[in-house]
Amino acid sequence: MASRLTLFSRAFMALACLLGTDARAQVITAGPASCPGVALTFDLCPVRQGTGLDQALIDYLIEHRIPATFFISGRWISKHDEQMKALLEVPFFEFGTHGDVHAHLPMHPPDEQKAEIVGAVRLIKRRYHRDATLFRPPYGEYNEETVEVVKALGLKFILWNVVSGDPDPTLSAEQIEGRLARLTRKGSIVVMHANGKGKHTREVVTQVYETLLPARGLTPMTVSELLACRQTAR
Ligand SMILES: [Zn+2]
């Protein structure tokens with residue numbers, strides 16, 4: 001009995017591993033390791049207080065023509081139509097979605113996950129006539145059903161391999177910069193926030209753009225540019 005149970009659990013674990021590997025393969029956390037580029041990405045999660053947009057950060061990115069990718073929630077778009085239009089006009093900004101109401105996806109069945117994911121995609125299409133094919137789950141939370149739903153919708157599932165920690169109010173700019181210096185390498189996708197939750201985000205981006213990336217021969221790219229990057233290391 002014990003051995004049958006063991007066999008069963010081994011078979012089950014093997015199946016779980018297979019599914020897990022397949023799902024993980026569809027979740028993108030970085031670009032090619034040979035690419036001398038880094039994707040700076042900024043989530044626009046909904047906020048209850050404040051303006052909901054770090055305008056100083058946006059101005060800095062525009063002033064220095066820094067390619068950036070934004071993952072935007074439907075609820076944020078609903079409250080920021082003018083800001084959304086202004087962001088869409090910047091030719092070196094790319095746009096993905098970040099759920100409709102910033103739900104905890106694994107707590108929902110697939111049909112509700114689909115509604116949460118597709119809500120923001122349809123809103124951008126309807127209001128601004130733009131296709132947003134990149135998707136990042138709220139809180140970075142997902143299960144295998146999430147991966148299947150995203151795939152079925154024809155979206156690319158984008159996470160990150162560098163967590164800046166920028167919304168953490170206990171971290172100083174120097175601590176965030178130290179973390180980025182430790183983790184950032186060729187092909188990295190860095191997650192930050194542009195909704196004003198990151199008190200030091202603009203300061204950190206300035207340091208990253210002016211010091212860290214040039215010192216390592218890395219240049220900022222959008223996520224799509226990074227994924228298509230075929231350059232080799234210098
Ligand atoms: Zn978020």
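A: Happy to! Let's start with the residues that touch. On the α7 side, Ala173, Ile176, Glu177, Leu180 and Ala181 meet Glu203, Val204, Gln207, Val208 and Leu212 of α8. By class, this contact divides into 7 nonpolar, 1 polar and 2 charged residues. Please keep in mind that the model is predicted.

Now for the geometry of that pair. Helix α7 covers residues 173-183 and helix α8 covers residues 201-215; their axes lie 10 Å apart, at an angle of about 45°. The handedness of the α7 and α8 crossing is right-handed.

Helix α8 also packs against helix α2, residues 55-63, and here the axes are 8 Å apart with an angle of about 20°. Since angles under 35 degrees count as roughly parallel, α2 and α8 are therefore described as roughly parallel to each other. The α2 residues in this contact are Ala56, Leu57 and Tyr60, and they meet Thr201, Arg202, Val205 and Thr206 of α8. Sorted by class, the contact of α2 with α8 holds 4 nonpolar, 2 polar and 1 charged residues.

Let's step back to the surroundings. The protein chain has 9 helices and 9 strands, and buried residues make up 41% of its 234 residues. Among contacts between residues at least 6 apart in sequence, 81% join residues at least 24 apart.

In soluble globular proteins, nonpolar side chains tend to be buried together. In this chain, the largest nonpolar core has 53 residues, and the members that touch the most others are Ala39, Leu44, Phe70, Ile72, Ile189 and Val190. Helix α5, residues 110-128, gives this core its largest share, 6 residues. If you zoom in on Phe70, you will find it touching Phe42, Leu44, Leu87, Phe93, Phe95 and Ala194, leaving aside residues up to four places away in sequence.

His129, in the loop between α5 and β5, has a phi near 60°, a positive value in a residue other than glycine. With 8 C-beta neighbours inside 10 Å, His129 counts as exposed. Tyr139, in the loop between β5 and α6, also has a positive phi, near 60°. Tyr139 has 15 other C-beta atoms within 10 Å and is therefore partly exposed.

Methods: Residues numbered from 1 in each chain as written. Predicted model: local features only at pLDDT ≥ 70, side-chain atom pairs only at ≥ 80, totals over all residues. Axes fitted to C-alpha atoms, helices over the stretch in contact; angles between N-to-C directions. Helix = DSSP H or I, 4+ residues; strand = E, 2+ residues; numbered from the N terminus. Left-handed = near helix turned anticlockwise from the far one by under 90°. Contact = placed C-beta atoms within 7 Å. Nonpolar A, V, L, I, M, F, W, Y, C, P; charged D, E, K, R; others polar. Buried ≥ 20, exposed ≤ 12 C-beta atoms within 10 Å, placed from the backbone. Parallel < 35°, antiparallel > 145°, perpendicular 65-115°, else oblique. Core = buried A, V, L, I, M, F, W, Y, C linked by C-beta atoms within 7 Å.
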